Amino acid sequence: MADWSFTRAVVKPGISAGCTTSELAGIDAPAGAGVARAGSASAAPHPIETRNALLHPTVPNSTPCGCQDAAVEQLTYLGPGELAWQEVPAPKLDSDRAALVRPLAVATCDLDRLIIAGESPFPAPFPIGHECVAEVIDVGDDVRAVRPGQRVSVPFQISCGECPACLRGRTGNCQSERPMSTYGFGPAVHRWGGFLSDFVLVPFADHMLVSVPDGLASAAVASASDNISDAWRSVGPALASEPHAPVLVVGGAGAGSIGLYAAAIALALGSEAVTYADLDEGRLEIARSLGAHTLEVPWPERVGPFPIT
């Protein structure tokens, strides 16, 4: 199986039975961005370059049975180029339908780079991270689809699966929760937190959590929460209607992973030819390695026609 993890992802080595913190946190940050331990007068910001990971020590005194009573740490966006680990109350199971999960691999969405650069509409401060594979730690009494110890993909949007919007497939407009209820950004972020955290509450576990098959690396599918799904939506339904049709993918925009996922998915779904256009040579090289034709600048005045773009 090809590794399609084009966004940066960070993995906790193995799956520990203990309720310890996520040991490795990574972020695609602008050069010069700093990460500091909140509340420490002596802690100087730790500079991190794009694609570098920052080691996050384990929380002292964490125990397998006491994770719901302890404070946890989460990575918080404080303003342009500034991140900090902050201690917050641990999430608790608040319904029989909920689950507690521990992020194992967190990917940086294309949006995260814009957030950290101060180029998003979301006012600081807020916890970040909205793409992850996690380990289920605890579940409510009514949860049947997942069990503790299982690896799952966690979607970035909160949805119940039962309201009229969800039943029509519009889970991003769930009527059981506040509009735009998401992890990692948005108006309800302080209720739900972000995935760069020790533990995360999932309110509708049976509906929201998707099991990750054994043998599939957590980092390879960490972006299934958002970017991989966005990429599939851009080519999957169209190829279902027009099997094997040629596809044009225009890449770029932020970190540019969604276009690469779209090219990979189109090829996997049987497109007879995928053409990928971009300004970035690194992304063009990845597209070529996947089997796509590439278009570099200067582009011709007209490209195509393509049945799917």
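Asp-112 touches Ala-107, Gly-129 and His-130, leaving aside residues up to four places away in sequence; contact here means heavy atoms within 4.5 Å. The model is predicted: local features need pLDDT of at least 70 and side-chain atom pairs count only at pLDDT 80 or more, while totals for chains, interfaces and linings use all residues. Residues are numbered from 1 along each chain as its sequence is written, and side-chain values use heavy atoms, with hydrogens and water left out.

Asp-112 belongs to helix H1 (residues 110–116). Helices (H or I, at least four residues) and strands (E, at least two) are DSSP runs, numbered from the N terminus. Asp-112 is buried yet has no salt bridge, and Arg-113, the nearest side chain of opposite charge, is 11 Å away. Buried denotes under 20% relative accessible area, exposed over 50%, and partly exposed the range in between (1.4 Å probe, protein chains only). A salt bridge is a side-chain nitrogen of Lys or Arg within 4 Å of a carboxyl oxygen of Asp or Glu. Lys and Arg count as positive, Asp and Glu as negative, and His and the chain ends are not counted.

Val-88 is part of strand E7 and touches Ala-71, Val-72 and Gln-74, again not counting residues up to four places away in sequence. Val-88 and Ala-70 are separated by 18 residues in sequence and by 9.2 Å in space, C-alpha to C-alpha.

Two surface patches follow. Patches consist of residues with over 30% relative accessible area and no salt bridge, like charges being joined within 9 Å and nonpolar side chains (Val, Leu, Ile, Met, Phe, Trp, Tyr) within 5 Å. The place of a charge is taken as NZ of Lys, CZ of Arg, CG of Asp or CD of Glu. Asp-96, Asp-141, Asp-142 and Asp-206 form a negative patch. The nonpolar patch comprises Val-250, Leu-279, Val-297, Trp-299 and Val-303, with about 470 Å² of accessible area together. Accessible areas come from the Shrake-Rupley method with a 1.4 Å probe; for residues, only the protein chains shown count as cover. One residue of each patch is listed below.

Overall, the protein has 7 helices and 16 strands. Of its 309 residues, 50% count as buried, and the accessible surface comes to about 14300 Å², with 54% belonging to carbon and sulfur atoms. Among contacts with a separation of 6 or more, 68% join residues 24 or more positions apart.
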